[in-house]
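Please work through the exercises below with the sequence and the model at hand. Each task is followed by a solution in steps.

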Amino acid sequence: MGSEMKEILIDSLRPFGKHSGRTYEGERLRLLMCSIEENGLFNPIIVRPIDRDKYEIISGHNRVKAMKELGRSTILAKIEGDLTEEKAIEIFYESNFNQQSFSDWNYAQRIEAVQYCEKKIKEYSQQGKRTDLERDKKVAVGGATSVQTRQKLEEKSKQTTTRDKMARELGISTATLSKYRRIIKLPDELLDPLVGLLEEKRINFEAAYVISNMRDIDIRFLIKGINKYPDRKPDLNTLKNLPKRNVGINSDIIEAMDERQVLKALIAQVSSDVINPRYLK
C-alpha cells in the first residue's frame with residue numbers, strides 16, 4: 001500500500017507513540033481555529049494505518065484538536081501505508097521542530113529530540129567522510145582542477161555545520177545543544193534517573209550538564225544522595241571541583257572517591273550549608 005489522500009473520521013485517529021499529549025492551548029489554539037475557519041486546512045495531516053479503519057497521527061496533532069474544537073467530524077489526511085518506524089519518527093520530529101518550541105517539551109521529550117538530532121549528525125558526518133574520500137580520489141588523478149574543487153569543498157565545510165543547523169531547528173543555541181549532547185552520552189542507567197530529577201525540578205539543566213561530566217561511579221553516589229536527602233540540592237561550584245571523567249580511561253577502574261566527599265556537594269536549600277556529615281552515617 002502506497003499513499004493516498006482522503007477525508008477520514010477524527011474519531012478514528014490515535015496520537016503518535018512518542019507524542020507527549022501536549023497540544024496548543026489558549027490563544028495559540030484559537031488562532032489556529034480561526035485560520036482553519038477562514039482559510040480551510042492548508043496542509044493535510046499525515047497518518048499511517050494501525051488497524052482496520054484506525055490511524056496513527058504522525059504529523060498534525062494540533063490541527064486535529066482544532067478541527068475537533070470546531071465541531072468537525074472528518075479531516076483531510078495523507079495516509080502513508082508503507083511508512084517505516086524510522087521514517088515516521090523522522091516526520092514526527094521534523095514537523096514538531098517547525099510547529100513547537102523546544103521549551104514546550106518536557107525533559108524526556110527534549111532528550112529524545114536531541115538523540116534524534118545526534119543520529120542525524122552522525123549520518124551527515126558519514127556522508128561527509130564519503131565526500132572527502134571522493135575528493136581525495138579526484139585530487140590524486142585530476143591535477144590543478146581537482147585542487148580547485150578541493151578548495152571549494154573545504155570552504156563549504158567551513159560554513160554552517162550540521163550541529164548548527166540542528167540547533168537552529170530546535171530553536172536553541174549551539175552551546176545548549178552541545179550540553180544536551182554531553183548528557184545523552186550517559187548510559188541509560190544514569191541518564192534515566194537524571195532526567196527524572198530534571199522533571200521533578202530536583203536539579204536544573206546546568207546541574208545536569210555538570211553532573212554528566214563527572215565519573216559514572218560518582219554520579220551514582222550523587223543520584224543516590226539526592227534521592228535520600230530531598231531537602232538538599234547540588235551546589236554547582238562544588239560539583240565542578242569533583243573529578244571529571246577521563247577520555248580513553250574507564251572511570252570505574254580509577255579508585256572511587258569516598259561517597260561522603262561526593263555528598264558534600266549537596267547543600268540545604270534554605271540555609272545553603274554544606275550537608276552535615278552526621279546525616280551520612
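The exercises treat a loop residue, a helix, salt bridges and strand pairing in turn.

**Conventions**

The model is predicted: local features need pLDDT of at least 70, side-chain atom pairs count only at pLDDT 80 or more, and totals for chains, interfaces and linings use all residues. Residues are numbered from 1 along each chain as its sequence is written, and side-chain values use heavy atoms, with hydrogens and water left out. Helices (H or I, at least four residues) and strands (E, at least two) are DSSP runs, numbered from the N terminus.

**Exercise 1. Describe the surroundings of Ser 12.**

Step 1. Locate the residue: Ser 12 belongs to the loop that joins strand S1 (3–9) and strand S2 (13–14).

Step 2. Buried means under 20% relative accessible area, exposed over 50%, and partly exposed in between (1.4 Å probe, protein chains only). Ser 12 has 6% relative accessibility and therefore counts as buried.

Step 3. Examine its side chain, which reaches the backbone oxygen of Leu 9 at 2.5 Å.

Step 4. List its contacts (heavy atoms within 4.5 Å). When neighbours within four places in sequence are left aside, Ser 12 touches Asp 53, Lys 54 and Tyr 55.

**Exercise 2. Determine how helix H2 is placed in the structure.**

Step 1. Count the buried residues: H2 spans residues 61–69, and seven of its nine residues are buried, so the helix is largely enclosed by the rest of the structure.

Step 2. Name them: His 61, Asn 62, Arg 63, Val 64, Lys 65, Ala 66 and Met 67.

Step 3. Identify the packing partners. The buried residues of H2 pack against S2, helix H1 (26–39), strand S3 (45–51), strand S4 (54–59), strand S5 (74–80) and helix H3 (85–99).

Step 4. Inspect the backbone beyond the helix: just after H2, Gly 71 has a positive phi of about 85°.

**Exercise 3. Which salt bridges does Glu 118 form with Arg 181 and Lys 185?**

Step 1. Apply the criterion: a side-chain nitrogen of Lys or Arg lies within 4 Å of a carboxyl oxygen of Asp or Glu. The structure holds 17 salt bridges.

Step 2. Take the pair of Arg 181 and Glu 118, with N to O at 2.5 Å. This pair links distant parts of the chain, 63 residues apart: Arg 181 is in helix H6 (residues 174–183) and Glu 118 in helix H4 (residues 107–157). Both Arg 181 and Glu 118 are buried.

Step 3. Take Lys 185, whose salt bridge with Glu 118 has its closest N and O atoms 3.9 Å apart. Here the partners are 67 residues apart, with Lys 185 in the loop between H6 and helix H7 (188–199) and Glu 118 in helix H4.

**Exercise 4. How do S1 and S3 pair with S5?**

Step 1. Apply the criterion: two strands pair if DSSP finds at least two bridges between them.

Step 2. Treat S1 and S5, which are antiparallel over seven bridges. Met 5 stands opposite Lys 78 in S5.

Step 3. Treat S3 and S5, which run parallel and are joined by three bridges. The bridge partner of Val 47 in S5 is Ile 79.

Terms used: Polar contact = N/O pair within 3.5 Å; in protein donor to acceptor, adjacent residues only side chain to side chain.
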